[in-house]
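Subject: Structure handover

Hello,

Here is the structure for your files. My notes come after it.

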Amino acid sequence: MLAAEELADVDMPIATEVKAMKGQATYYVHGGNALKAAPVIKKVRALGHTIAYFGDVFEGFRDQPEAVQAKRLAEMQQQLQKAGLVLPGASGFSAPLESYDQTTLRLLQEQKFDNYLAIMDATESSLPFFANRDASGAGQTVVLPRTLIGPEEALFGDADFGFENFLGGMKLSARMGALAVVGIPSQTLLMPAQRKRILDEMRALREQTWIASANQIAQWWRNRDSISIAFAPHPQGYVL
C-alpha cells in the first residue's frame with residue numbers, strides 16, 4: 001500500500017482482508033501525513049502489517065544534492081517518530097514518484113535500510129537482489145523491483161483491457177514462483193467491484209502464493225542466500 005494520501009478508515013477493509021488470508025502487507029507512509037493518519041496506521045499495525053517510509057514530502061529524490069537527500073531521509077524518520085510511530089532500525093523505503101538515483105541508494109545502504117522498492121527496470125528478472133554485502137559477503141539491503149504495473153496505472157487507456165492485463169500478470173507471477181509487488185494507493189480510486197476482484201484473485205491464488213510484507217521477503221532472500229548446496233559425483237548420479 002503506497003500511502004501518498006493520508007491513510008483513512010476507507011483503507012481498512014483491504015488490511016482486514018489481507019489479514020484474513022493470513023498475509024502481511026507493507027504500508028509505505030508519507031511523513032507529512034503521518035501525524036493525521038497515526039490512528040489508522042496503528043490499527044493497520046495491530047493487524048500485523050508492517051510500516052515503511054515513503055519520503056518526507058511527495059517529491060522525488062532524483063538529482064537532488066546529497067546533503068538535501070540526507071536531510072530529507074532524516075526528516076521523514078523524525079516525522080513518523082513525532083507521530084508516535086516507532087519503526088525498527090531496519091525498515092523499508094519507497095521513493096515518491098519512483099524518483100531516486102545512486103545517491104539515494106547509497107544513503108539507504110549506509111543507513112542500513114532493510115529494503116527498498118525499485119523501478120521495474122532495476123532487474124531483468126522478477127526476483128529480489130542485494131544492493132550491497134558486508135565484509136563477510138552476507139547480503140545486506142535488499143532491492144525489491146516493482147514487477148507489475150499497479151492496478152490503477154493499468155486503467156489508463158483501455159481500462160478493461162488494462163485491468164485484465166494486471167490480473168493476468170499477477171497470476172503469471174504466481175505460476176512462475178516470482179516476486180509480484182502489488183501496489184495499491186491509499187484512498188484508492190479503484191471501484192469497489194475492482195477491489196473485490198483483486199482480493200478474490202488473491203484468495204484463489206492463496207494456496208500457491210505467499211502474501212508477505214517487504215521485510216519478510218527481504219529476510220527470506222537473505223536466508224536463501226546463506227544456504228550452500230554442493231553436489232558430489234556418485235555411481236548412480238549425484239549426492240546432495
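Predicted model: local features only at pLDDT ≥ 70, side-chain atom pairs only at ≥ 80, totals over all residues.

Residues are numbered from 1 along each chain as its sequence is written, and side-chain values use heavy atoms, with hydrogens and water left out.

Pocket

The largest pocket has a volume of about 960 Å³. A pocket here is an open set of points on a 1 Å grid over the protein atoms alone, with protein on both sides within 12 Å along at least five of seven lines; a cavity is a set of points where a 1.4 Å probe fits but cannot get out, and lining residues have an atom within 4 Å of a point. Points are joined across faces, edges and corners, and the volume is the space filled by probe spheres set on them. The largest pocket is lined by 37 residues, of which Ala180, Trp210, Ile211, Ala212 and Ile217 are the closest to its centre.

At least two lining residues each come from helix H1 (12-20), strand E2 (26-29), H5, H6 and helix H7 (214-225); these are DSSP runs numbered from the N terminus, helices being H or I with at least four residues and strands E with at least two. H7 gives the most, with four residues. By class, the pocket lining has 29 nonpolar, eight polar and no charged residues (nonpolar: Ala, Val, Leu, Ile, Met, Phe, Trp, Tyr, Cys and Pro; charged: Asp, Glu, Lys and Arg; polar: the others, Gly among them).

Cavity

There is one cavity of 30 Å³ or more, and the largest cavity holds about 30 Å³ of space. Its lining consists of Ile14, Ile184, Leu190, Arg195, Ile198 and Leu199, five nonpolar residues and one charged. Helix H6 (residues 192-204) supplies the largest share of that lining, three residues.

Helix pairs

Helix H5 (residues 159-176) packs against H6 at an angle of about 15 degrees, with the axes 11 Å apart (axes are lines fitted to C-alpha atoms over the stretch in contact, and angles run from 0 to 180 degrees between N-to-C directions). H5 is therefore roughly parallel to H6 (under 35 degrees; over 145 is roughly antiparallel, 65 to 115 roughly perpendicular, the rest oblique). Phe163, Glu164, Phe166, Leu167, Met170 and Lys171 in H5 meet Gln194, Arg197, Ile198, Glu201 and Met202 in H6, contact meaning heavy atoms within 4.5 Å. The residues of this contact divide into six nonpolar, one polar and four charged.

The axes of helix H3 (residues 66-82) and helix H4 (residues 102-110) come within 10 Å and cross at roughly 45 degrees. That makes H3 oblique to H4.

Regards
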